[in-house]
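This report walks through a protein chain, sheet by sheet and helix by helix. Keep the structure in view while reading.

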Amino acid sequence: MTVIRALPIELINQIAAGEVIDRPSSVVKELVENSLDAGARRIEVDIEQGGARLIRVRDDGGGIGEDDLLLAVAAHATSKIRSFDDLEHVASMGFRGEALASIASVSRFRLTSRLAGQDTAFQLEVDGGKLQPLRPAQHPVGSSVEVRDLFYNVPARRKFMRAERTEFAHIDDLLKSLALARRGVEFRLSHNGKPVRLLRSADTIDQGLLRVAEVLGPEFPARSLRIEHAAAGMQLSGWVGLPTASRSMADSQYFYVNGRLVRDKIIAHAVRQAYADVLFHGRHPAFVLYLELDPAGVDVNVHPAKHEVRFREQRLVHDFLFRSLHEALAETRAGETPASSTSPQGAPTASVAPAAASSSWAGVAERGGWGAGPAAQSRLTLGTREQPLAEYAALAGSPSPESPPVASWSAALLDGGAEDEVPPLGFALAQLKQIYILAENQQGLILVDMHAAHERITYEKLKAGRTSSTLRSQLLLVPLAVAVSAREAAAAEEHAEALSAWGLELSRSGPSAIVVRRIPALLEGTDVTQLARDVLADLASNGSSRHLEELENTLLATMACHGSVRAGRRLSVTEMNALLREMEATERSGQCNHGRPTWTQLSLPELDKLFLRGR
């Protein structure tokens, strides 16, 4: 006969600890978040033996009164929510009331705290879940929590702990992520009595970027874009890395929702799609982003460790993130670098002013004329047809054959008075191995991969041509019945109008079936069944899909690749300059369609260093 019994409180707390506390860094997370909720402006974290021997967190927050200390370590007791309405609008880092009780059940625990205006601090000790009497203590306003001998009474859990160095690395990474969430708080970290990290409070944007640089590396600010965008009751801010700052692993990605670091598939999908057109295969973007929205629009109570959230308007959030990032990345052009300035504290800013070709070159074709001279007889392949160089260069706004020769261009570059007239990518000097264009600008030497650059230019022209004309669709000779899941069939019904705008006409024909009648003309010959299933799977999971657009972009990218100037083609100086000018005017021209860089800059100091000049 099965007997149902109530579990002892100690066992309940240890089960909760199994959900929330899996390693020392989990303890640090809960304690530091409590300090942040208490309004701390300075937090010190002391670690011994990777957290196995000691975790101590001290703060200058509001503190806990004598009457509340016993409740602080009771299960499901908290000061952060009192009603269901509070749970619907959670603004604090913690809210479950389980953390301290769980931690105290698997360690030798001590909590010392003092309220502002109180003469005496009080101390509470818990040894493996056994509560000791309160006693007076000496302590400044704020709280200190000591966690010793973690998992000493749960040997099986202790065996799962890794080496001291590994556990401390997890703590360090966690503290960096929390420091990015609250840039106005000072964080100090020590290990085995030695200071390891000091992150001073950052109250301005420049200081905030300095903190970002301490976490993501000193090279990140110069290779990032500042994001500030608001719409539909949401605000997105922070920094996103340029495609050239991508990484082999997704280890430099920090996304905060209302100040809480989260992992969410909707967010991940939106970011991945925003970078799809500029990132090399297998690479991952770096970013620090903050999304602010009404707390009622996001449910944070979906994971015991609070790592995940659920958005009430998933599609709206996805589209807002995608469009904000997609448009910001689209504004980047070859020759641009994030405008760097230095604050009194030495923190570089990363605001980007979208640059175009210098205004002094706009309409130069009108002044110079392209009809005469041998250069006018050259032809450059564009898209799927040959186009006279005169027409191509006029579009680019390039200097005419009557422009100064290369020698005088170099002289102009060295003349400070002509500085404003030098385009970002400068002027062509020569062609190297019929693969690379060498150009000179104000900073030094520019190297351009001519095929990669022209491929991006052609690709963007093809995309623009597609969006500026009515999308053609192809009627299937025989409508195709496709079996799908019930969720996907419902998505087909809900999004039928949006799909039709992309040239995909399908309708629900049963609880788990659809019928496809039209597909985009560009995708004629594709596997229609798989196409429909992939698109509907996206819609069912993410509330939106760019699968059709991505497939068409893949086809256009292939066309652009075949229609672009190839390595081994000898270009005249005029043709090279025409290509440079069009790069400066084309969106995303810093990378080809496959995410490879199209250009690089070697500054004069870098060249001097190569040749040991000035030593």
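Glutamine 474 has isoleucine 519 in β24 as its bridge partner. The model that shows this pairing is a predicted one. Strand β22 and strand β24 (residues 513-520) are joined by seven bridges and run antiparallel. They belong to an open sheet of three strands, in the order β22-β24-β23, with antiparallel pairing. At its edges are β22 (473-483) and β23 (505-510), each of which pairs on one side only. On average, neighbouring strands of this sheet are turned by 15 degrees against each other, direction ignored. Helix α15 packs on the sheet and touches β23 and β24. The direction of α15 makes about 130 degrees with that of β23.

**Helices around α17**

Helix α15 (residues 486-494) also meets helix α17 (residues 528-542): their axes come within 8 Å and cross at roughly 90 degrees. Angles from 65 to 115 degrees count as roughly perpendicular, so α15 is roughly perpendicular to α17. On the α15 side the contact involves Arg487, Glu488, Ala491 and Ala492.

**The five-stranded sheet**

Elsewhere in the chain, five strands form an open sheet in the order β10-β11-β14-β12-β13, with mixed pairing. Its edge strands, each pairing on one side only, are β10 (224-231) and β13 (260-261). In general, strands of a sheet pair through backbone hydrogen bonds, either parallel or antiparallel. Strand β12 (residues 253-257) is joined to β13 by two bridges, and these strands run antiparallel. Here valine 257 stands opposite arginine 260 in β13.

Helix α7 (residues 164-181) lies across β12, β13 and β14 (287-292), and runs at about 50 degrees to β12.

**Rings and charges**

How many aromatic pairs does a search of the whole structure find? The search finds one. The ring centres of tyrosine 256 and tyrosine 290 are 5.2 Å apart and their planes are at 15 degrees, so the pair is stacked. Planes under 30 degrees apart count as stacked. Tyrosine 256 is in strand β12 and tyrosine 290 in strand β14, 34 residues apart, and the pair thus links distant parts of the chain. Are these two tyrosines buried or exposed? Both tyrosine 256 and tyrosine 290 are buried.

| Arginine | Ring | Distance from the ring centre |
|---|---|---|
| Arginine 108 | Tyrosine 152 | 3.8 Å |
| Arginine 226 | Tryptophan 239 | 4.5 Å |

**Strand β7 and its partners**

Six of the seven residues of strand β7 (residues 142-148) are buried, so this strand is largely enclosed by the rest of the structure. Strand β2 (residues 54-59) is joined to β7 by six bridges, running antiparallel. In that pairing aspartate 59 stands opposite serine 143. Strand β3 (residues 108-114) is joined to β7 by seven bridges, again antiparallel. There leucine 111 stands opposite valine 145.

**A hairpin**

Strand β19 (residues 427-432) pairs with strand β20 (residues 436-440) in the antiparallel sense, over five bridges. Phenylalanine 427 has glutamate 440 in β20 as its bridge partner. The two strands form a hairpin with three residues between them. In the turn, lysine 433 has a positive phi of about 55 degrees.

**The chain as a whole**

The secondary structure comes to 20 helices and 25 strands. Of the 615 residues in the chain, 49% are buried. Among contacts between residues at least 6 apart in sequence, 69% join residues at least 24 apart.

Definitions and conventions
Residues numbered from 1 in each chain as written. Predicted model: local features only at pLDDT ≥ 70, side-chain atom pairs only at ≥ 80, totals over all residues. Heavy atoms only, no water. Pairing = 2+ DSSP bridges. Helix = DSSP H or I, 4+ residues; strand = E, 2+ residues; numbered from the N terminus. Contact = heavy atoms within 4.5 Å. Axes fitted to C-alpha atoms, helices over the stretch in contact; angles between N-to-C directions. Phe/Tyr/Trp six-rings, centres within 6.5 Å; stacked < 30°, edge-to-face > 60°. Buried < 20%, exposed > 50% of the residue type's maximum accessible area, 1.4 Å probe, protein only. Lys NZ or Arg CZ within 6 Å of the ring centre and 35° of its normal. Parallel < 35°, antiparallel > 145°, perpendicular 65-115°, else oblique.
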